[in-house]
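Thank you all for making the time this morning.

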Amino acid sequence: MLGGAGLLLAAAPAQAAEVAYKTECIPPAISGLPPVEGTTKVEITAPAEAKVGDEVEVVWKTTQAASNNPDVLDLEKDTVQPTGTVKVGGAQTADLAVEGPRSNPPIKKNSPMVLSDMKGKIKLTAPGEVTLTPDKYNINVSKPISTDTKCSPKETVKPGATIKVTDAGGATTGGLPTGLPTGLPTGLPTGLPTGLPTGGTSGGSNSGSSGTGGSDTGGSDTGGSGGGKSDFTGKEVQIPYKCKTPIGDKSATSPVQINAKKDGGNYGLTVQFKKSVMDSPADIPADSVKPSMEVKLGGADKGTVHVEGPTNKEPIKSGEPINIPDLTGTYKPGADGKSTLSPGVLTVKALGTTTTCTPSKTEVSLEIDTAAQPGGAAGGSGSGSAGGSDTSGGLAETGSSNDGILRALGLVAGTVILLGGAVFTFLPRRRRAN
């Protein structure tokens, strides 16, 4: 059979023995997961004999990957693609790239990785014995975002197969004693991932909030409920959020402002994350991130008002800024008097998961004079209605809500969103400059 520029040998394959070697696998830096050390087991298949000038196919079959699918996310069918390098030694030397198709069964959390067979072709250039030794390999997962786990040998690896190559005239050579593996793994990843936030309260901490705490410090309503004023601007407040992640507790402070527009006896609310332009550390698909918040009522009124923003309409490339959309909703007062509005619990739905983060303390952003409306808040919860957006966001819920919260922890404008196996660290621009 002719293949490429040479003859693709179809002779009986060599009897390949299984090769096992210690391996270190480095998860994507944005995941925050530590390196994993395990054992890789590989079978290399190639023709037992060939001639100079022949092009032969080499097959890498992974019988055991060094690491399992972490306890983060079930992997869907046909989302995993392996690539690797076979070290060619002996009569000729080369690094042979091999690649497998994106073909796998569904892989549950904490289950062994199932990798497709990788293949590559090499043209034989010299008589003698050519050894084939498995080396480093990469595991790419395409969903929910594209991530790579890089695995490299941590010890000298034995050859997985040997091809006896004769010259073009058919004469055999005495065989070169070249059974030793050639080339130790180079370029091993070093160091732990460093992209995770380490506190969030450093740099710009407490700015705008010193000496202004308390329930009466928000933007005030000078028009009252008498109807002369319709637009009310709140003050920017610094809100510290706390979340638990699979790799520990994370905290960050985000600047938030609540504005209101009076419509009859109700108020349209807009919650803005001020100065929260953030760069994405990885590619994010369109319609995959949707934030919402429960605005906390105080003063004369009690309860919460639900506000939310739209999903990202366009994909966001790695390194591009992420703008947090305004969160909107309608506040129907349930009491007469001065009512206060403060940023509350923040929720992020992302790629089929739901995450909840809670302020460690909050501060009043806006105070307005209210008049009770039928069916208003006063002591209730979720009394507001979302304004102008679909509450589902087109995101399917998968798994239990508890599992989603633990495995896909998200905090917009300052801390972490864990999407599947990838942690996104979003830092406001002014903090990153520190």
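I will go from the chain as a whole to its disulfide, then to a core and its strands, and end with one tyrosine.

Please keep in mind that this is a predicted model, in which local features need pLDDT of at least 70 and side-chain atom pairs count only at pLDDT 80 or more, while totals for chains, interfaces and linings use all residues. Residues are numbered from 1 along each chain as its sequence is written, and side-chain values use heavy atoms, with hydrogens and water left out.

Let me begin with the overall picture. The protein chain has two helices and 28 strands, where helices (H or I, at least four residues) and strands (E, at least two) are DSSP runs numbered from the N terminus. Of its 434 residues, 47% are buried, and by buried I mean under 20% relative accessible area, with exposed over 50% and partly exposed in between, using a 1.4 Å probe and protein chains only. If we take the contacts (heavy atoms within 4.5 Å) with a separation of 6 or more, 74% of them are between residues 24 or more positions apart.

Now to the disulfide, a term that here stands for a pair of cysteine sulfur atoms within 2.5 Å. Searching the whole structure gives one disulfide, formed by Cys25 and Cys151 with their sulfur atoms 2.1 Å apart. This pair ties together distant parts of the chain, since Cys25 belongs to strand E3 (residues 18-26) and Cys151 to strand E11 (residues 147-153), 126 residues apart. The link of Cys25 and Cys151 is right-handed, with 110° about the S-S bond, and both cysteines are buried.

Which residues touch the most other members of the largest nonpolar core? They are Ile44, Trp60, Val80, Leu132, Tyr137 and Ile163, in a core of 34 residues; a nonpolar core is a set of buried Ala, Val, Leu, Ile, Met, Phe, Trp, Tyr and Cys residues joined through side-chain atoms within 4.5 Å. Among the strands that each supply at least two residues of this core are E3, strand E7 (80-90) and strand E10 (128-141), and E10 gives the largest share, five residues.

E7 deserves a moment of its own. Nine of its 11 residues are buried, and E7 is thus mostly covered. On one side of the pairing list, E7 and E10 run antiparallel and are joined by 10 bridges, with two strands counted as paired if DSSP finds at least two bridges between them; here Gly90 stands opposite Val130 in E10. E7 also pairs with E8 in the antiparallel sense over six bridges, with Thr85 opposite Ala97 in E8, and these two strands form a hairpin with three residues between them.

Finally, is Tyr331 buried or exposed? Tyr331, which is found in strand E21 (residues 327-331), is buried, with a relative accessible area of 0%. Residues that Tyr331 touches, not counting those up to four places away in sequence, include Asn266, Leu297, Val305, Leu341 and Ile368. Asn266 is 65 residues from Tyr331 in sequence, yet their C-alpha atoms are 5.8 Å apart in space. The side chain of Tyr331 also makes a polar contact with the side chain of Asp301 at 2.5 Å, a polar contact being a pair of N or O atoms within 3.5 Å, where within protein one must be able to donate a hydrogen and the other to accept it, and residues adjacent in sequence count only if both atoms are side-chain atoms.
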